Amino acid sequence: MNLSSFWSLIPLIDEVGFIHPSQFVTLNKEATSSLKHEDANFWSRDHKLAISTDVLLPLYNAAKDAFMHAISQYKRHGNLSDASGYASNLESEAMKHSKALLLLSCDFGTAWNFRKLIVSKKQKIMLFLDELLLSALVLSYSPKSEKSWCHRRWVIKMIAGKCSTLQDIAGKESELVEKIAERSKMNYRAWNHRCWLVSYMTTEQVLHELKKSRNWAGLHVADNSCFHYRTRLMLRIMEEHCHKLEDGTSDENNEIYQIWQEELDWIEALIKRYVGREALWLHRRFLSLSWIRHFTTTLGDTSNYRAYNDFEDFQAQAMYSATYILWLTKQISDSQGIELPEKPNLGSLETMLNMACPERSFLWDILTRITGKCDEVLKENNC
Amino acid sequence: MNGAYWGLTTLDLLGKLDALDSNEVIQWIMKCQHESGGFAGNIGHDPHLLYTLSAVQVLALFDKLNVLDADKVANYISGLQNEDGSFSGDEWGEVDSRFSYLAICCLSILHRLDKMNVEKAVNYIASCKNVDGGFGCTPGGESHAGQIFCCVGALAITGSLHHVDKDLLGWWLCERQVKSGGLNGRPEKLPDVCYSWWVLSSLIMIDRVHWINKDKLVKFILNCQDTENGGISDRPEDAVDVFHTYFGVAGLSLLEYPGLKAIDPAHALPVDVVNRIFFQK
């Protein structure tokens, strides 16, 4: 397999994909522009590269052999400091091959590691930023590639403290995740990266992210990862708030109270609009639990406790709403000794669950019993 | 290397480990060892905790741990522990609670847990716990059944399960069972055979396995087998692979399916192998 036509295309592209040979016909019909690359196995236009699935395996084998050969050469001679540029030639060869290989095999750890080694030797911000571009290119064809996401975190950790634009980078990273999450649903790796970024964000950025991700979440109500991201942001806000209360730099709950109130109203509206969505109910569990933990004791106000009794016809909605109340009852009794203003009737909840989902009656029995047990403990403690 | 572990452990659970030439496998494994003591995924690649545990597990299957310089491997692993108790996967510093499990499980098999700071490692894992009772990759990361297995497994091996809220985590885990009987790894996801291992082993370790319908799960796994060529896929009618075949067979073993050896839910090795490691000197 001849790699040279592949290499000649790489510097120009910002997106890569693998397609079936039959799709080339369609692409070539559409492509009237002269930018079209004339090769039966590749197609390139507007910085996009398509590779025929027919050629993937031989191309990968050739790229892998070339890379493995290049790094063994580099390891043998690359550390020599010679004026002829022999060592730097070996280095750039190996870098070129590692890039070609990663465009075919996204999780080839040894190739990513080699790039880390070379870039960390040079310590130039531009080279670090180039690695973010390469990782984005790999993610364009493999959005779940763990090693590509990991490479980004390595770059960010390396330039943190050296680079004045770190906050801009955190913002751009967050945008990249959103763009990728749009094409690749429920992508744990992508959202995990976004959660990781939160610790690099300023308070203003966190608030901005919370505002910005709301629209997206409202349009992707089954994507639990996005709701978890909001949980992460809200917990960070809560953490900072608690620090301020402790330091005495703030003594009011208004701002945080409002954030929680808005989120609870919003999630309730979504639950009514999108019936039977698990992710929405789980987010509500989190919101209600932290609401009760933080605001019922500090504000003495339980009027906003939202027990959802508005059972829908749909089985899933009925099941989620009943387990929501059970879960909340158990958690509150367990941890805080706070009593719910309106005691749920465990017997009628169990009946409701058995009607909604009779095949799991053994589980409803267990869950009602452990919730009831917590309730007993609470009563004893209060006596 | 991971493929070797999945394939060979499956064979052992089926009582067919002798189907392969053990010497050939062991020679290959030892060629994957790096001078640092860690193992790579294949010859000529870089070492990582992911492959180091698999290599040690495969040697344990063949009762060949004696070919290892256990102290050298243990030094590689303990050298990856960070100040906060977490573990990096390799020298490049990515941190993940999975890597804590890999390190703890591997050092436990090598009888070298004393080479690391167990208390700090346990505290780091506990810091990855979420409000829903599950665990994520790092503190604040989303709960995921695979991560939960790693964290619960590591806590079980170090005798630290008191960090787990068993009812709360059991609640989250049993909600992974969907109508077809299969388990998913996160809310709103499709069921997948691999979670038959991750969810189920976690439920067993926290003593809540009776919270799911075991018969329906057995049926789901069996429906994922390609009866013509033998392997198991992620979902019925999909293409089979060695990864899902292992997790399907391991899940069936946890469900006490007839004809399979029992598997240890924390070390992910057949119980007879684990007994040999810990009770035979």
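View 1. The loop runs between β2 (42-45) and β3 (48-52) of chain A. Strands (E, at least two residues) and helices (H or I, at least four) are DSSP runs, numbered from the N terminus. Phi of His47(A) is near 65°, a positive value in a residue other than glycine. Most residues other than glycine have a negative phi. Residues are numbered from 1 along each chain as its sequence is written, and chains are lettered from A and ligands numbered from 1 in the order written. In this predicted model, local features need pLDDT of at least 70 and side-chain atom pairs count only at pLDDT 80 or more, while totals for chains, interfaces and linings use all residues; side-chain values use heavy atoms, with hydrogens and water left out.

**View 2. Glu256(B) also has a positive phi**. The angle is about 60°, although Glu256(B) is not a glycine. The residue lies in the loop between α11 (242-254) and α12 (271-279) of chain B. Glu256(B) is exposed, with a relative accessible area of 67%.

**View 3. Gly17(A) lies in strand β1 of chain A**. The strand covers residues 15-19. Gly17(A) is partly exposed, at 23% relative accessibility. Trp112(A) is 95 residues away in sequence and 20 Å away in space, C-alpha to C-alpha.

**View 4. Ala74(B) is buried**. Its relative accessibility is 0%. Ala74(B) belongs to helix α4 (residues 70-78) of chain B. Ser97(B) is 23 residues away along the chain, and the two C-alpha atoms are separated by 18 Å.

**View 5. Residues of chains A and B line the largest cavity**. A cavity is a set of points on a 1 Å grid over the protein atoms alone where a 1.4 Å probe fits but cannot get out; lining residues have an atom within 4 Å of a point. The search of the whole structure finds 2 cavities of 30 Å³ or more. The largest has a volume of about 80 Å³, the space filled by probe spheres set on grid points joined across faces, edges and corners. From chain A, the lining includes Glu359(A), Arg360(A) and Phe362(A). From chain B, it includes Gln177(B), Val178(B), Lys179(B), Asn213(B) and Lys216(B). By class, the lining has 2 nonpolar, 2 polar and 4 charged residues (Ala, Val, Leu, Ile, Met, Phe, Trp, Tyr, Cys and Pro are nonpolar; Asp, Glu, Lys and Arg are charged; the others, Gly among them, are polar).

**View 6. The largest nonpolar core has 202 residues**. Such a core is a set of buried Ala, Val, Leu, Ile, Met, Phe, Trp, Tyr and Cys residues joined through side-chain atoms within 4.5 Å. Those with the most contacts inside it are Phe6(A), Trp260(A), Tyr101(B), Phe135(B) and Trp197(B). Helix α14 (residues 315-335) of chain A gives the largest share, 10 residues. Apart from this core lies another, of 6 residues, among them Leu139(A) and Trp149(A).

**View 7. Chain B has 12 helices and 0 strands**. Its radius of gyration is 18 Å, close to the 19 Å that the globule rule gives for 281 residues, so chain B is as compact as a globular protein of that length (the radius is taken over C-alpha atoms; the rule is 2.2 Å times the number of residues to the power 0.38). Buried residues make up 61% of the chain.

Technical notes:
1 Å grid on protein atoms, 1.4 Å probe; cavity = no way out; pocket = protein on both sides within 12 Å on 5 of 7 lines; lining within 4 Å. Buried < 20%, exposed > 50% of the residue type's maximum accessible area, 1.4 Å probe, protein only.
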